[in-house]
Amino acid sequence: MYPHDPIPRPAGPPASSTPLRDYLSGGPLPAVTDGYAVLPRSLAEGMPLGWQQQMAHLLAEFHQAFGHLSWPVYRVVPSRYELLVDLDEDQLAEAGYMVEIDGDGEVVYRSRGGQRVAVKA
């Protein structure tokens, strides 16, 4: 009546209860930081039609579930890594840093909060 052999277990690790977090935290990914995952709209709209349909469905469900929340207004600007020593004062200000010369004549970089920032020359 019952099979004598045990039910085979699936191969591989057990399924995660946080698959999106696992994927986004799994390694360096383009446009993913600790707080954000950004999709360039031009690339998303250039995906194959089937992908766009799936993405539109997922985003619609996401916005239906969370659209009632108070959302911040985001301003996304393309960025790249630069050394502070290579930036002019306007670029430093835009990035949230300032440069000054201390009493010993040494160039000092500070964050927006006033903390000294160590730099590599």
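Read from one end of the sequence to the other, the protein chain follows the pattern α-α-α-α-β-β-β, with 4 helices and 3 strands in total. Helices (H or I, at least four residues) and strands (E, at least two) are DSSP runs, numbered from the N terminus. The radius of gyration of the protein chain is 24 Å, well over the 14 Å that the globule rule gives for 121 residues, so the chain is more spread out than a compact globule. Here the radius is taken over C-alpha atoms, and the rule is 2.2 Å times the number of residues to the power 0.38. This is a predicted model, in which local features need pLDDT of at least 70 and side-chain atom pairs count only at pLDDT 80 or more, while totals for chains, interfaces and linings use all residues. Residues are numbered from 1 along each chain as its sequence is written, and side-chain values use heavy atoms, with hydrogens and water left out.

Along the principal axes, the C-alpha atoms of the protein chain fill a box of roughly 90 × 35 × 30 Å. Of the 121 residues, 7% count as buried; buried means under 20% relative accessible area, exposed over 50%, and partly exposed in between (1.4 Å probe, protein chains only). The accessible surface comes to about 11500 Å², and 59% of this belongs to carbon and sulfur atoms. Such areas come from the Shrake-Rupley method with a 1.4 Å probe; for residues, only the protein chains shown count as cover. Among contacts between residues at least 6 apart in sequence, 14% join residues at least 24 apart, a contact being heavy atoms within 4.5 Å.

The 3 strands form an open sheet in the order 1-2-3, with antiparallel pairing. Strand 1 and strand 3 are the edge strands, each pairing on one side only. Two strands pair if DSSP finds at least two bridges between them; strand 2 and strand 3 do so over 2 bridges. Within this pairing, Arg 110 stands opposite Arg 116 in strand 3.

Salt bridges (a side-chain nitrogen of Lys or Arg within 4 Å of a carboxyl oxygen of Asp or Glu) come to a count of 5. In one of them, the side chains of Arg 75 and Glu 94 meet at 3.2 Å, N to O. Arg 75 lies in the loop between helix 3 and helix 4 (89-95) and Glu 94 in helix 4, so this pair ties together parts 19 residues apart in sequence. Both partners are exposed, Arg 75 at 65% and Glu 94 at 57%. Another salt bridge joins Glu 100 and Arg 110, whose closest N and O atoms are 2.6 Å apart. This pair links strand 1 (residues 97-101) to strand 2 (residues 107-111). Glu 106 and Arg 116 also form a salt bridge (2.9 Å, N to O).
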